Amino acid sequence: DDYMSKPFSPKLLVARAKALLRRSSNIDGKGDHEDVAAAESGELPLLRIKTLGYSDLRLNGRNLPWGIALSAAQRQLLAMLISSPELQIPLEEVQTALWPDSTDARARSSFDTLLARVRRSLDEGLSPIDSKEYLLVRRGNVLLKNCQIDAQEFLRLVNKGLKHVKGRNLWQAELAFSSAFSLWQGPFLPGNFGSDRATAFQNQLELLYLEASELFARILAETGRPQEAIKLLRSAQSYCPTDEKTMRLLYQLCLALDLPGQARQVLH
């Protein structure tokens with residue numbers, strides 16, 4: 001899945017190995033064993049919400065592909081919540097987005113019905129679970145609690161990496177970027193989830209992904225790993241083949257490695 005060229009920092013080697021192990025845990029379900037252990041000890045396990053590349057809910061060793069299993073309105077509600085910085089949105093905003101032509105009373109009734117159906121879907125698909133511990137209504141807001149969301153963690157790690165780049169702390173930046181990119185399995189919420197908020201968050205994530213790809217690739221190239229940099233930029237190219245910074249750096253690296261054919265492809 002990865003490799004490092006000599007010479008390398010032992011700290012960086014350990015950090016990248018841990019990042020790959022975290023990704024492996026997300027894929028093969030090892031993280032779910034931690035949830036089961038937490039439940040057995042009386043602690044509330046985290047509801048792990050996958051949004052990058054595919055849509056999946058994970059708890060207590062069980063998976064619920066919510067992009068398929070939930071109705072359109074249920075998906076839209078979850079997408080709105082997941083896309084919010086504090087994982088909460090005013091109830092009034094939900095009602096306006098989902099039932100814009102309804103009276104306040106009718107919209108509130110429709111919301112109560114929707115909330116009950118989402119909770120029932122979670123209770124049935126991820127049993128045993130008390131969905132009221134994860135999806136709540138409090139003080140006029142709808143919110144998610146006790147959750148771990150890959151997109152929000154990606155956002156946090158990329159911003160951490162960008163701060164380190166500004167401070168020229170390059171190996172710390174590489175650690176943050178490595179951890180962030182281990183979470184990126186594809187675009188945020190692929191498919192139509194019917195939420196303007198989710199669409200805006202998707203755009204924000206992709207812009208950050210492109211910016212981080214270019215900076216991370218520069219770090220790799222400067223530390224003697226141009227092939228890794230090219231691989232990273234090729235992946236970024238698939239999301240936005242006309243991003244100037246990404247394509248310019250990719251072209252320069254192809255020339256530096258004496259790959260004229262690949263350089264011509266970039267220009268084409």
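Let me start with helix 10, residues 226-237: twelve residues, reaching 16 Å from the first C-alpha to the last, close to the 16 Å expected at 1.5 Å a residue. The expected span here is 1.5 Å times one less than the number of residues. Helices are DSSP runs of H or I with at least four residues, numbered from the N terminus.

A word on the source. This is a predicted model, where local features need pLDDT of at least 70 and side-chain atom pairs count only at pLDDT 80 or more, while totals for chains, interfaces and linings use all residues. Residues are numbered from 1 along each chain as its sequence is written, and side-chain values use heavy atoms, with hydrogens and water left out.

Back to helix 10. Its buried residues are Glu228, Ala229, Ile230, Leu232, Leu233, Ala236 and Gln237. Buried means under 20% relative accessible area, exposed means over 50%, and partly exposed is in between, with a 1.4 Å probe and protein chains only.

Helix 9 covers residues 196-222, and its 27 residues should span 39 Å at 1.5 Å a residue; the end C-alpha atoms are 39 Å apart, which agrees. Just after helix 9, Gly224 has a positive phi of about 80°. Arg225 sits in the loop between helix 9 and helix 10. Is Arg225 buried or exposed? Arg225 has a relative accessible area of 6%, so it counts as buried. Apart from neighbours within four places in sequence, Arg225 contacts Ser5, Leu12, Arg16, Glu174 and Leu220, contact being heavy atoms within 4.5 Å.

Tyr239 is partly exposed, because its relative accessibility is 26%. Gly186 is 53 residues away from Tyr239 along the chain, with 9.2 Å between their C-alpha atoms.

Last, helix packing. The axes of helix 7 (residues 150-166) and helix 9 come within 10 Å and cross at roughly 40°. That makes the two helices oblique to each other; angles under 35 degrees count as roughly parallel, over 145 as roughly antiparallel, 65 to 115 as roughly perpendicular, and the rest as oblique. On the helix 7 side, the contact includes Phe154, Leu155 and Val158, and on the helix 9 side it includes Leu205, Leu208 and Tyr209. The residues of this contact divide into 13 nonpolar, three polar and one charged. Here Ala, Val, Leu, Ile, Met, Phe, Trp, Tyr, Cys and Pro are nonpolar, Asp, Glu, Lys and Arg are charged, and the others, Gly among them, are polar.

Conventions. Axes fitted to C-alpha atoms, helices over the stretch in contact; angles between N-to-C directions.
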